[in-house]
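Please write a short report on this protein chain for someone new to reading structures. Keep it brisk.

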Amino acid sequence: MRRRWLNAVLAGTVLLAVPAWAAGGESLAVDVWKSPYCGCCKDWIAHLKAEGFAVRVHEVGDLDAARRRLGMPERYASCHTARVGGYLLEGHVPAADIRRLLAEKPAALGLAVPGMPVGSPGMDGPAYGGRRDPHDVLLVAGDGRHRVYASYR
């Protein structure tokens, strides 16, 4: 009886140690739509890969059309749009916020970092001299409204 109880406790501990986003390997696959000429997009993709995401790149000539087709409102536009686990990502969203999104599974369209804030992943290389501009990661609702999901100051 004691052994069974210990095995149950151990199994529960292991399950709690595995993040929800890792349980279904498919949710770690990120599709990215970007211009073939965008260097900071390549840096953001490198950030995602370094954080364990599998990335598939779709280079497009008209990113605005791709964004519209995917359903991200134009007012959140940045230099690339992505999709992961049924959610959209717009701009330089940090991997930690993507993991949180996939774990929490809120009713939302996805996350957005409008513009290209210096200091966000992909906009944080040596060319920026360590500068970090304050910015927010927004949780975008299906109706286009948003709320602040994470702040970087």
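The face of helix H3 that is turned away from its buried side carries two exposed residues, Lys 49 and Ala 50. This is a predicted model.

**Helix H3**

H3 covers residues 39-50. Its twelve residues should span 16 Å at 1.5 Å a residue, and the end C-alpha atoms are 17 Å apart, which agrees. Which residues of H3 are buried? They are Cys 40, Cys 41, Trp 44, Ile 45 and Leu 48. Seen down the helix axis, these buried residues fall within an arc of 145 degrees, so they line one face of H3. The general rule behind such a pattern is simple: an α-helix has 3.6 residues a turn, so residues three or four places apart point the same way.

What does the buried side of H3 pack against? Its partners are S1, S2 (54-59), S3, S4 and H5. Just after the helix comes Gly 52, with a positive phi of about 95 degrees.

**The whole chain**

Now step back. The protein chain has five helices and seven strands. From the N terminus on, the order is α-α-β-α-β-α-β-β-α-β-β-β. The chain holds 153 residues, and 42% of them are buried. Take the contacts with a separation of 6 or more: 55% of them join residues 24 or more positions apart.

The largest nonpolar core has 23 residues. Seven of them touch the most other members: Val 30, Trp 44, Leu 48, Phe 53, Leu 89, Ile 98 and Leu 111. H5 gives the largest share, four residues.

Leu 89 shows how the parts meet. Leaving out residues up to four places away in sequence, Leu 89 touches Trp 44, His 80, Thr 81, Ala 82, Val 84, Ile 98, Leu 101 and Leu 111. There is also a second, separate core of eleven residues. Among its members are Leu 63, Leu 88, Leu 109 and Leu 138.

**Helix H5 and what follows**

The buried residues of H5 are Ala 95, Asp 97, Ile 98, Arg 99, Leu 101 and Leu 102. Pairs between aromatic rings are another matter: the count is zero.

After H5 comes Lys 105, in the loop between H5 and S5.

Compare the relative accessible areas below. The cut-offs are under 20% for buried and over 50% for exposed, with partly exposed in between.

| Residue | Relative accessible area | Class |
|---|---|---|
| Val 113 | 1% | buried |
| Ser 78 | 12% | buried |
| Asp 62 | 43% | partly exposed |
| Lys 105 | 57% | exposed |

Why is Lys 105 classed as exposed? Its relative accessible area is 57%, and the class begins over 50%.

Val 113 is found in S5. Its contacts, apart from residues up to four places away in sequence, are Ser 78, Glu 90, Gly 91, His 92, Val 93, His 135, Asp 136 and Val 137. Val 137 is 24 residues from Val 113 in sequence, yet their C-alpha atoms are 5.1 Å apart.

Ser 78 lies in the loop between H4 (63-70) and S3. Setting aside neighbours within four places, Ser 78 is in contact with Leu 63, Arg 67, Glu 90, Gly 91, His 92, Val 113, Gly 115 and Met 116.

Asp 62 sits in the loop between S2 and H4. Asp 62 and Trp 33 are 29 residues apart in sequence, and 9.6 Å apart from C-alpha to C-alpha.

How values were computed. Residues numbered from 1 in each chain as written. Predicted model: local features only at pLDDT ≥ 70, side-chain atom pairs only at ≥ 80, totals over all residues. Heavy atoms only, no water. Phe/Tyr/Trp six-rings, centres within 6.5 Å; stacked < 30°, edge-to-face > 60°. Core = buried A, V, L, I, M, F, W, Y, C linked by side-chain atoms within 4.5 Å. Buried < 20%, exposed > 50% of the residue type's maximum accessible area, 1.4 Å probe, protein only. Contact = heavy atoms within 4.5 Å. Expected span 1.5 Å × (residues − 1). Arc of directions from axis to C-beta.
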